[in-house]
Amino acid sequence: MAETPVMDRLIRRTVEQHLPLNVHFDLTYRCNERCVHCYLDHEDYGEVTTAEVKAVLDQLAAVGTLFLTFSGGEIFLRKDFFELLEYARQLHFDVSLKTNALLVTAERATRLRALGVRRIQISIYSADPVVHDAITKVRGSFERSLRAIRFLKTQGLQVKIACPLMKQNLTAFRSVQQLAEELGVPYILDLTITPKIDGDMTLLALRNTGHDLLPVLQDPVLNPRVKGGQEVMQSVPAVGSAVSSGLESSAYDDIPCSAGHNSCYISPYGDVYPCVQMPMPTGNLRQQRFEEVWYGSGEMRRVQSVRESQLPVCSTCSIRQYCERCPGLAQMEGGDLLGAYERACELAELNARLAGVEHPVSALHQQQRAAKFNGTFSAVLPGTGSIPGLVRIAPMRAT
Ligand code: SF4
Ligand code: SF4
């Protein structure tokens, strides 16, 4: 959904002027849940101190950051959490929180309201406590998170449910939809299961296949792109990325996403990345000031220079409009920030087919098929290499 004209102008200006409008700050990787799909290492290797966080917040305020998300790990495990929140609000940041809410009491909900927190995103994996608790590996976590949502709602706070969909809870999406309606809160179904932040790929085994995701992708309420679909009545689409800020604008049209352009990520150790899903070190706030990293890092500038129209494969793709390629995952999974990657192509082809495109094939898959085809002929006729024209004689069949 498009933003208001004022917000659109703000986004456009911050992209053009390379201002860090939106910062995601993980205050800790420690957690009181042990979710099966979590990409973090929960050990504490020396988190930023209270004074260090405050110094970073001062620097962010000075360079023009407006939207600040405190996340983790579990933010309420930091004993200084409310002190940091209060400090952030004194600096007039628009603050959102991501939490499992296990430690949110009625009294804490009141404090959050008094401090003027904008929005709180809480992960719920199913309306069935058994399924939810099996994913978090904490018995009773469903009931505690739900009770917290009610405390927060009673305070008039904006709450949003985020539901990452994996093999363990695929069929839960309708019940989560229903639960959100009963609670009167928006929700997002997130199909993204990422590698671990250290590059370990084992978590990808939890991903649903494209075929298994069909009931979700075919649901016309969830997916306005499906033929005959209807727009769901909430501020952001109901299927998407829970990492996303949800801010949309045509200013992002020729860039892969906001990462490194007007948003970035800060880890509990002070490392700055373009995005939590793009763990490419650009600097550390224990050694450098934020503006030195943001404006001076070569890696940050490299990310910032990328234009969609220059991507070697994706710029030629006929189904690009159906694709939600994440450059961070392209880097982590395919090893190339500028590259296409398999999962994005698979989902784009499914989305395009559901929108009525006949035989959609991504540019990556076209290249792979052409290479295989040419390889086959090279093998049959050693030394001939690829044979121009043969592809036209025997066109590839799109699936
Ligand atoms: S790197 Fe991926 S997750 Fe991060 S903002 Fe870009 S598209 Fe979204
Ligand atoms: S579908 Fe694949 S090739 Fe096409 S734009 Fe997306 S990632 Fe690139």
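Which helices each supply at least two residues of the shell around ligand 2? They are α12 (342-354) and α13 (363-380), and the views below start from there. This is a predicted model, in which local features need pLDDT of at least 70 and side-chain atom pairs count only at pLDDT 80 or more, while totals for chains, interfaces and linings use all residues. Residues are numbered from 1 along each chain as its sequence is written, with chains lettered from A and ligands numbered from 1 in the order in which they are written.

**View 1. The shell around ligand 2.** Ligand 2 has 15 residues around it, and the closest are C314, C317, C323, A340 and C345 (a residue is near a molecule if its C-beta atom, placed from the backbone, lies within 6 Å of it). Sorted by type, the shell holds 12 nonpolar residues, one polar and two charged. Here Ala, Val, Leu, Ile, Met, Phe, Trp, Tyr, Cys and Pro count as nonpolar, Asp, Glu, Lys and Arg as charged, and the others, Gly among them, as polar.

**View 2. A look along α12.** With three residues, α12 gives the most to the shell around ligand 2. Helices are DSSP runs of H or I with at least four residues, strands are runs of E with at least two, and both are numbered from the N terminus. The 13 residues of α12 reach 19 Å from first C-alpha to last, close to the 18 Å expected at 1.5 Å a residue (that is, 1.5 Å times one less than the number of residues). Its buried residues include R343, C345, E349 and L354; buried calls for 20 or more other C-beta atoms within 10 Å of a residue's own, exposed for 12 or fewer, and partly exposed falls in between, with C-beta atoms placed from the backbone. After the helix comes G356, with a positive phi near 105°.

**View 3. D80 in its loop.** Look for D80 between β2 (67-71) and α3 (81-90). D80 counts as partly exposed because it has 15 C-beta neighbours inside 10 Å. T50 is 30 residues away from D80 in sequence, yet their C-alpha atoms are 6.8 Å apart.

**View 4. L189 in the nonpolar core.** The largest nonpolar core has 86 residues, and L189 is one of those with the most contacts inside it. Such a core joins buried Ala, Val, Leu, Ile, Met, Phe, Trp, Tyr and Cys residues through C-beta atoms within 7 Å. Leaving out residues up to four places away in sequence, L189 touches C163, L165, F173, V216, L222, A238 and V239 (contact means C-beta atoms, placed from the backbone, within 7 Å).

Conventions. Two residues are in contact if their C-beta atoms, placed from the backbone, lie within 7 Å.
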